[in-house]
Amino acid sequence: MDLLAAALPVAAAFVEVREPHPLRLAAAAALLWPLIGVVSGRYTPLAWGDRGGLRAVIRDWLVLVGALATLRVVCGLDSVPAEAFTALIPALVLTGVSQKLIHRHLLAARRAARALRHVVVVGEPPTVDAVVEQLAQRTDHEYVVVGACPVGEGDVISGVPVCGRLPLETPETPEEDAAAVLGAAEELAADTVFVAPGPHVSGDRVRRLSWMLHDQGRSLVVLPGIVDVARRRVRPTSAAGLTLLHITPPLQRGMHTLAKALLDRVGALTLIVLLSPLLLLLALAVRFSSPGPILYRQTRVGRGMALFPMWKFRTMVVDADRMKSGLEAQNENDGHMFKMRQDPRVTSVGRILRRYSLDELPQLFNILFNHMSLVGPRPPLPEEVAKYNSVEMRRLRIKPGLTGLWQVSGRSDLSWRETVALDLRYVDNWSLAGDMNVMARTVRVVLEGQGAY
């Protein structure tokens, strides 16, 4: 696909503008494009499974444009015609599409327990349990733990097989550690070894173990102990023989935040104008379906503990708040939120509005008034915030959103722990590109009515 995407459009463009030697130039483009991909690692399984693969494709495409321009100068040809640059766009588009399709295929295969790498975890027993639990929470990665080599005699309670143990003290020769780890990997048919450094797993011990693993063709992955940090925020460097990981702070000020604020206001105003006929129809449906006001006003907690009035189309009977205390025992959420699949307070029209999240549309005015953002964590109630611990309070570092990772990842079907984890991941790693992705996913989730009740 890469060969054809680079060769055919370039040849057609050069023939059209009567460029000398069009076939030679097309052949050069066709050879350079996959060659650049090989050098940058675009054809490796790691790149295929990477969500950020499109950025690598764009980078490679810019290298291709520069390489062809340089080649023309070296060959004494005139400046590159605009048609040639236009003809290179199919290479960018088709390669980006193929990377996306491969990534989706790999995700589907992993969720079906295929295309996985079998892992043996080396570390102290509590750390091994934490790694196993963290990996088991999600299925969008390629690793499955098949066994462990704990350090010391502690119990591994996660249930994975224990095949060999490492002594607490660093042995005099690396062969002693390697024998246990390699034996476990061989017995369990594991191709990768995860090592979690700790008080009894020093950097020098990991280094010596790596020699033996690599000599036997096994992959080694060292776990730095940080979680839910986007890869774009991590920059590896070295100093005095030490490997350092620089973690940039979350985006909380600067041009990115200004652009997000502008996108919120313009996006909300545009949606209000475009959806005004629908908003009017929904208002009439609520008004004539049951007694009570059209809009439901509720106090929510925004960024920095600021209270604001959040508006929704009314989906419940008028005295719903007074009825809530009598339904607490039937709460189906395991955290601070109140959720019931068959809430008796919801009206017939309200069920339809909730299923397709149409009741949330008045919050576009909250965005316009700077209470909320298009994308962000779910806006909590004051009584929910009163129960927050210090970790959960971090959800209030940014403005709440009309949609967010919680809404596109299962909504009410998620546990409270999963909800908090998604919100914290967004708070620490948000980006404009990520917001665009969430908004695009929101359309599909809303149409399917996933997790909405």
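These legends describe close-up views of a predicted model.

The model is a prediction in which local features need pLDDT of at least 70 and side-chain atom pairs count only at pLDDT 80 or more, while totals for chains, interfaces and linings use all residues. Residues are numbered from 1 along each chain as its sequence is written, and side-chain values use heavy atoms, with hydrogens and water left out.

**View 1. Overall content of the protein.**
The protein has 18 helices and 10 strands. Helices (H or I, at least four residues) and strands (E, at least two) are DSSP runs, numbered from the N terminus. Of the 453 residues, 43% are buried; buried means under 20% relative accessible area, exposed over 50%, and partly exposed in between, with a 1.4 Å probe and protein chains only. Of the contacts between residues at least 6 apart in sequence, 69% join residues at least 24 apart. A contact here means heavy atoms within 4.5 Å.

**View 2. The open sheet of S2, S1, S3 and S4.**
An open sheet is formed by 4 strands in the order S2-S1-S3-S4, with parallel pairing. Two strands count as paired if DSSP finds at least two bridges between them. Strand S2 (143-150) and strand S4 (219-222) are at the edges with a single partner strand each, so one side of each lacks a neighbour in the sheet. From one strand to the next the twist averages 30°. Helix H9 (residues 203-215) packs on the sheet and touches strand S3 (192-195) and S4. The direction of H9 makes about 155° with that of S4. Axes are lines fitted to C-alpha atoms, for helices over the stretch in contact, and angles run from 0 to 180 degrees between N-to-C directions.

**View 3. Strand S1 and Val121.**
Strand S1 (residues 117-123) runs parallel to S2, and 7 bridges join the two. Gly123 stands opposite Pro150 in S2. Val121 also lies in strand S1. Because its relative accessibility is 1%, Val121 counts as buried.

**View 4. Leu64 in helix H4.**
Leu64 belongs to helix H4 (residues 53-74). Leu64 has a relative accessible area of 0% and is therefore buried. With neighbours within four places in sequence set aside, the contacts of Leu64 are Ala29, Leu32, Trp33, Ile36 and Leu88. Trp33 is 31 residues from Leu64 along the chain, and their C-alpha atoms are separated by 6.3 Å.

**View 5. The hairpin of S5 and S6.**
Strand S5 (residues 234-239) pairs with strand S6 (residues 242-247) in the antiparallel sense over 6 bridges. Val234 has Ile247 in S6 as its bridge partner. The hairpin has 2 residues between the strands, and Ala240 takes a positive phi near 55°.

**View 6. Packing of helices H10 and H11.**
Helix H10 (residues 255-274) and helix H11 (residues 276-289) pack at about 65°, and their axes are 4 Å apart. Ile272, Val273 and Leu274 in H10 meet Ser276, Pro277 and Leu279 in H11. The residues of this contact comprise 5 nonpolar, 1 polar and no charged. Ala, Val, Leu, Ile, Met, Phe, Trp, Tyr, Cys and Pro count as nonpolar, Asp, Glu, Lys and Arg as charged, and the others, Gly among them, as polar.

**View 7. The two sides of helix H13.**
In helix H13 (residues 348-355) the buried residues are Val349, Gly350, Leu353 and Arg354. Seen down the axis of H13, these residues fall within an arc of 135°, so they line one face of the helix. The arc is that of the directions from the helix axis to the C-beta atoms. The buried residues of H13 pack against H11 and strand S8 (307-313). Ser348 and Ile352, on the other side of H13, are exposed. Ser357 follows H13 and has a positive phi near 55°.

**View 8. Thr403 in strand S10.**
Thr403 is placed in strand S10 (residues 401-403). With a relative accessibility of 7%, Thr403 counts as buried. Its side chain makes a polar contact with the side chain of Thr442 at 2.7 Å. A polar contact is a pair of N or O atoms within 3.5 Å; within protein, one must be able to donate a hydrogen and the other to accept it, and residues adjacent in sequence count only if both atoms are side-chain atoms. Apart from neighbours within four places in sequence, Thr403 is in contact with residues including Leu374, Val375, Gly376, Val408 and Val438.
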